[in-house]
Amino acid sequence: MKRTLLFAVSCLIVSWASAQEKHEIIGTDQLNQYDYFASVNSLEKVKDKDASVLRKLAEGYDMIGNYPNAEACYATICSRADRIPNDHLEYARILMKNQKYADAEAQLKIYSQLNPKDSEMDRFQLLNESLSKYSAQAATIKVQNAAFNTEQADFGPVIYNGKLLFTSSRRKSDVVNRKWLGNRLSFLDLYVADINPSDNNVTNIQPIPSKKVNKKYHEGPVAFSPDGKQAYITRNNYDEKGKDGTRHFSLFVSNLVGETWSEPEPVIFNSNDYSVGHATLSPDGKTLFFASDMPGGKGGVDIYRSRWQDGNWSVPENMASINTSSDEMFPFFHESGVFFFSSEGYPGYGGLDVFIGQYKDDDFRQLRNVGAPFNSSGDDFSVWMNKDGLTGMLSSNRAGGKGNDDLYTFTMEKPFAFARNIRVVAKDEKGNRLPGVLIRVKDISGKELATLTTDADAEATYETSETGAFNLEGTKKDYFESSESVIVTDDSPENLPTDLVLEKDPGFMLLVKVLDKKSSTVLDSVKVTLINNMTGKEEGVFYTNKEGQIKRPIYDKKLNDRVSYNIRLEKKGYLPKGTTYNKELTTPGVYDVSKDLNLSIEKMEVGTDLAKAIDLKPIYFDLAKFNIRPDAAIELDKIVAIMNEFPTMVVELGSHTDCRGTAAKNLELSQKRADASAEYIKSRIKDPWRISGKGYGESKILNGCTCEGPKKQPKYTEAQHAVNRRTEFLVVKI
């Protein structure tokens, strides 16, 4: 368990008490002395386990890797009346280790309700969604178990002068095999091996041949200064125990003198009463980062920083921007500026997860989970990366490994990237650059993030370390306002060039406003296709805004010129509509098409008459005939297009006549015309059964123009009879 790596070596001191209390007291002392196996054995013997005993037992199970039993303990605790809010938080962490992320999210919500003042809980919102995002980010990372792992603990890799150094509990000797109580494994030592850089093949593994380094207790891991002349080693403090009788971890530095390493010396900020370790140095060697549980931190183990000043390291500074109330440890600073660390305080897969951040302007920015397969439901930690920024090693106790902790090699298709520059060039519609354009940068919610102005070269730059959608809104006098969206992802390059085009105001404007036919409410996101009938060219495809409008300038026109446009309206779930707009430009200004034409579109519903919805022209037949004329085919093709666009739509085609002629003849003729029209459509759509034809003759007169009856019927006009001669296309199923 990697959280124990900043714990210590101590002696077991037990206070004795009466029967029921004895096992609890012994188990508690054993837990405090890191003897987790013995602690679990003792606490299991307590018959009447209250919440306090169950918490200690759950911690013991957690530390020895028995996560199912730890989960059972917390499940019991969280069902009791004497539970505390933190129990739900710890329960969630164990559930994540058992890959029960939905259950973990439920427990985190309970914790948030019981402890709403915890400002860190927003990190855990939408946990399952976050895990999917992390995994998608890391799809190009390959991780493989190293062949030289043992059943013991192997972790903490670093390559120095072509040699692999790592920390391991594998036995140095068959004669002496001293074990640590915490995990029943041998004490840690530093090992060195030959490594082939082409295939990571490791041979000749040996303990570091120096009595100055590998001693009685724990040694490792180790980090080297950028110039390779200093080694910073984490190991137990051999000189003195703390006030609690514990021998904590400390950080020691060894200097390379010629070809010999000096006796390791403690750094100035070590203490007998807390642990310090897991060192890494900045690329310039002037800043030392390390992990410690020293007092005054944010909780658990935190990452600290110390600067080289006046020949020594400065007072450590807690890196508050990266630390949480849980554990942050195993920092590694790559020369590219990528900062790795492991944490339990951010949303992850369970246990320690590897995170990265960008160290810039003296602080950390854009922290994020590296994702699977880099991370797992176990502990993932102690990363080392080659200079190429694409290959390296990490440590993990994930399922499927060879031992307690294993070393894994990793390869990536591309390096990690952080801050991006959105580089905007403002232009007019002819491609000429436009200086002095005011650009407002907004996020997806509309919140303004920055205001920029293009310089003499018509350029402006917005730097962001965030991902997501950014909207750029440009304005300039005598030009139409323009906007452009930029999507920034974790895969985006450092520089994102973007053109923002502003069109010169010509004095004429075309306004298209689209409404819902039934409710008369405005419709946004309607696709509007404009075709200039005078040139035959498409002028563009546009989408209505929240006011249901698009505005487009009318170019190359003078007063009293005419314009002609074919306007096609399309929106998902609505019937498409096409119309023609002809207008003489008698005055400068805005020409509202909806004042001259009906621009409403009808939602696709059962009972809709397609003929009315799309303003279909009448389907004409020759006198007393039912063959499909060319002009009728043009209109029927519009129905074909709609039925192909809506492949599940079922339509009844109804043919109607006026009252002239006998009712029987009209019924027969209308049926033949309905059949002919339906057959024409059937031959041009998928699943022809979706349309059927029915003749109604004169049975559904719309305006009372009947020809038969007991009384003499009036003489009707041709226009009145024409109302009844119609073809309907009723939607019976969608």
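Predicted model: local features only at pLDDT ≥ 70, side-chain atom pairs only at ≥ 80, totals over all residues.
Helix α4, spanning residues 67-77, packs against helix α5, spanning residues 85-97, with the two axes 9 Å apart and at an angle of about 150 degrees. Because angles over 145 degrees count as roughly antiparallel, α4 and α5 are assigned to that class. The crossing of these two helices is left-handed. On the α4 side the contact is made by Y67, A70, E71, Y74, A75 and I77, which meet D87, E90, Y91, I94, L95 and K97 of α5. Sorted by class, the residues of this contact comprise eight nonpolar and four charged ones, with no polar residue.

Turning to charged pairs, the count of salt bridges in the model comes to 31. One of them is formed between K517 and E602, whose closest N and O atoms are 3.6 Å apart. This pair links distant parts of the chain, since K517 lies in the loop between β33 (515-516) and β34 (527-532), whereas E602, 85 residues apart from it, lies in the loop between β40 (600-601) and α8 (610-613). K517 has a relative accessibility of 35% and therefore counts as partly exposed, while E602, at 19%, counts as buried, the limit for that class being under 20%.

A further salt bridge joins the side chains of D596 and K583, with an N to O distance of 3.3 Å. D596 is located in the loop between β39 (589-592) and β40, and K583 in strand β38 (residues 577-584), so that the pair ties together parts that are 13 residues apart in sequence. Both partners are classed as partly exposed, D596 with a relative accessibility of 41% and K583 with a relative accessible area of 25%.

In the salt bridge between R725 and D658, the closest N and O atoms are 2.9 Å apart. Here R725 belongs to the loop between α11 (718-724) and β43 (726-733), and D658 to the loop between β41 (650-656) and α10 (663-682), so the parts tied together are 67 residues apart in sequence. The relative accessibility of R725 is 34%, which places this residue among the partly exposed ones, whereas D658, at 5%, counts as buried.

Technical notes
Residues numbered from 1 in each chain as written. Heavy atoms only, no water. Axes fitted to C-alpha atoms, helices over the stretch in contact; angles between N-to-C directions. Helix = DSSP H or I, 4+ residues; strand = E, 2+ residues; numbered from the N terminus. Parallel < 35°, antiparallel > 145°, perpendicular 65-115°, else oblique. Left-handed = near helix turned anticlockwise from the far one by under 90°. Contact = heavy atoms within 4.5 Å. Nonpolar A, V, L, I, M, F, W, Y, C, P; charged D, E, K, R; others polar. Salt bridge = Lys/Arg side-chain N within 4 Å of Asp/Glu carboxyl O. Buried < 20%, exposed > 50% of the residue type's maximum accessible area, 1.4 Å probe, protein only.
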